[in-house]
Amino acid sequence: LYHVLLRTLSRKMASGFYKLMFIIGMVSLAHSGYSAAQHRRFIRITEQEYSSLPTDILVQSLVSLVLTVYGIVHISGDFKEIRATIQLENKTWESAGNRPSFYMFCHRGRNLSPNYSPPSSDGASYGHH
Amino acid sequence: TTFYCCICTCLLSHHLLVSKLNIMSGRMRMRVDKISGEKIVYSDMAIRNNASVIEYCRTSMAALSGATSGIMGLTSLYGFAFFFLAGFVLWLLLLVKAGRHWQQYFVNRKSLLTSGLTSGIFTYILFWTFLYGMVHVY
């Protein structure tokens, strides 16, 4: 089940899901920052003792950080295979030994085409001598 | 002369392998695998691509964790501890992204942990002090 989920997620790569996660994480981080600033202002106005932020703001900022970084890690691009020989091992001879500039088209196969006209007898007797 | 012929064929085959790999993946570099002792050829362009992806992730992680620690109001030593904790979390996320066959993408896993630390820490301090000033002082 984990592998099926991973495959469906990887298909949606940078186009939808991870961008959405990144945006949600950033918005949540900004929201937690604004609420922290508001809390500080409130504490300063009511002249209370400031010890630390309320727990839910801390939890929200941490969770949004993890969400944003998770989105970024998957948006930032794919990893490439670094071992050069593994890429070569999977190639078949058809693709590896294929040299298109060495194709030859001047051979006897032209005798099989319907437009073929055999050379005249004058040319044939010239070849005998 | 036979020795010369052997050297020529060796160079030719090596050159053919190099040219094939040049067509395939840019430049390549030969390294000896320390565990099994055999030679492994790495593609330079792929290594550089993976390193740039990791650098991008690390810089953005430094900026975001600096913002978070500024918002949370962390002071001196707790802030630096949070930076190293965030680096560790990033290492875990990169390993999750690489998957089970991490050897396809990295030479060793420990280098992921400490690769971009110095530039990351400056970005972290920048965002940390800025957000701390914005949220707690303003």
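This report describes the interface between chain A and chain B and the aromatic pairs of a predicted model.

## Basis of the values

The model is predicted, so local features need pLDDT of at least 70 and side-chain atom pairs count only at pLDDT 80 or more, while totals for chains, interfaces and linings use all residues. Residues are numbered from 1 along each chain as its sequence is written, chains are lettered from A in the order in which they are written, and side-chain values use heavy atoms, with hydrogens and water left out.

## Interface of chain A and chain B

In this model, 36 residues of chain A are in contact with 41 residues of chain B (contact means heavy atoms within 4.5 Å). The buried area between the two chains is about 3500 Å², and carbon and sulfur atoms give 72% of that area; buried area is the accessible area (1.4 Å probe) that two parts lose on being put together, summed over both. Of the area that chain A buries against chain B, 23% is supplied by A:Val73, A:Phe79 and A:Ile82, more than by any other three residues.

Between chain A and chain B the count of salt bridges is 0 (a side-chain nitrogen of Lys or Arg within 4 Å of a carboxyl oxygen of Asp or Glu).

## The side of chain A that touches chain B

Helix 2 (13-45), helix 3 (55-75) and helix 4 (84-89) of chain A each supply at least two residues of this side; helices are DSSP runs (H or I, at least four residues), numbered from the N terminus. The largest share, 10 residues, comes from helix 3 of chain A.

By class, the residues of this side are 18 nonpolar, 10 polar and 8 charged. Ala, Val, Leu, Ile, Met, Phe, Trp, Tyr, Cys and Pro count as nonpolar, Asp, Glu, Lys and Arg as charged, and the others, Gly among them, as polar.

## Aromatic pairs

Over all chains, the structure holds 10 aromatic pairs (ring centres of Phe, Tyr and Trp, the last by its six-membered ring, within 6.5 Å; planes under 30 degrees apart are stacked, over 60 edge-to-face, the rest tilted). A:Phe17 and A:Tyr18 form an edge-to-face pair, 5.2 Å centre to centre with 70° between the planes. A:Phe17 is partly exposed, at a relative accessible area of 30%, whereas A:Tyr18 is buried, at 3% (buried is under 20% relative accessible area, exposed over 50%, partly exposed in between; 1.4 Å probe, protein chains only).

In chain B, B:Phe83 and B:Tyr124 form a tilted pair, 5.0 Å centre to centre with 45° between the planes. This pair links distant parts of the chain: B:Phe83 lies in helix 3 (residues 76-98) and B:Tyr124 in helix 5 (residues 117-137), 41 residues apart. Both B:Phe83 and B:Tyr124 are buried.
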